Amino acid sequence: MRRPLVCGNWKLNGSIGRTGELIDAVSSGAASLPGVDIAVCPVFVHLPVACERAAGTALAVGVQDVSDQVGGAFTGEVAAAMVAEIGARFAIVGHSERRARHGETDGGVAAKFMAARASGVTPILCVGETLSERDAGETLAVVTRQLDAVLEAAGVTGFGDGAIAYEPVWAIGTGRTATPEQAQEVHAALRGRLAEQDPALAARARVVYGGSMKGANAAELMAMPDIDGGLIGGASLDAEEFLAIARAAAAA
Ligand code: PGA
């Protein structure tokens, strides 16, 4: 039985004050959900206040991206060791918004995945197809290619405690969620790909769903055998809505 992971991706939102309030509200709810890993990922500049407020609570803090470099002449980047030092435990890598807006490649994302792992930060690898790729019947080929880049670079040992987030691009921020069956098909394929490398890795790796997940649709998604939690955008900015998703994960 895999321990569910419910992670909020706050994207480019918040303020120092709002971060403190949201952390307090989510962490007090997380206290009664000991069976679920619950995390939130604020912007980098709010990481210190988020980690300070979450310290000693059941809520973990993560980041939305991380550099593939450890240090040096890389203007504007933030290294995994730096966020680990502040207290971040998770790092989202390869979010579709970064792949699309910042030209992140499968290989570059794999390097970020390994950089996070090297600093003891658990990477959450985002994979997912666009609507035109889905319509062309390419969904499984796309997500497999995205996962393979990490497996080839990191190997089974390097994958470690990494998680995967299946996020169909057409479902992100659109209010249009994948059906539980659509998501399960992809999650099962991703787990199958891991199993080809190492059955033990496939059995333990968490594959979470992202894309317009909310309190009202979380339970039916989490009921699927290969859906181990969620990566939540919009709904994670509302503590009650986010905690409703975490409760659905706990009950699944
Ligand atoms: P959404 O975003 O929940 O707002 O669709 C999910 C994500 O981008 O991680």
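1. Lys 11 is found in the loop between strand S1 (5–9) and helix H1 (16–30), where helices (H or I, at least four residues) and strands (E, at least two) are DSSP runs numbered from the N terminus. Although Lys 11 is not a glycine, its phi is positive, at about 50°.

2. This is a predicted model, in which local features need pLDDT of at least 70 and side-chain atom pairs count only at pLDDT 80 or more, whereas totals for chains, interfaces and linings use all residues. Residues are numbered from 1 along each chain as its sequence is written, and side-chain values use heavy atoms, with hydrogens and water left out.

3. Ser 212, found in the loop between strand S7 (207–210) and H10, likewise is not a glycine and has a positive phi, of about 55°.

4. Oxygen atoms of the ligand lie 2.7 Å from a polar side-chain atom of His 95, 2.7 Å from a backbone N or O atom of Gly 173 and 2.8 Å from a backbone N or O atom of Gly 233. The protein buries 95% of the 280 Å² that the ligand exposes when taken alone (Shrake-Rupley method, 1.4 Å probe).

5. The axes of helix H10 (residues 215–222) and helix H11 (residues 239–251), which are lines fitted to C-alpha atoms over the stretch in contact, with angles from 0 to 180 degrees between N-to-C directions, come within 8 Å and cross at roughly 20°. H10 and H11 are therefore roughly parallel to each other (angles under 35 degrees).

Notes
A polar contact is a pair of N or O atoms within 3.5 Å; within protein, one must be able to donate a hydrogen and the other to accept it, and residues adjacent in sequence count only if both atoms are side-chain atoms. Angles under 35 degrees count as roughly parallel, over 145 as roughly antiparallel, 65 to 115 as roughly perpendicular and the rest as oblique.
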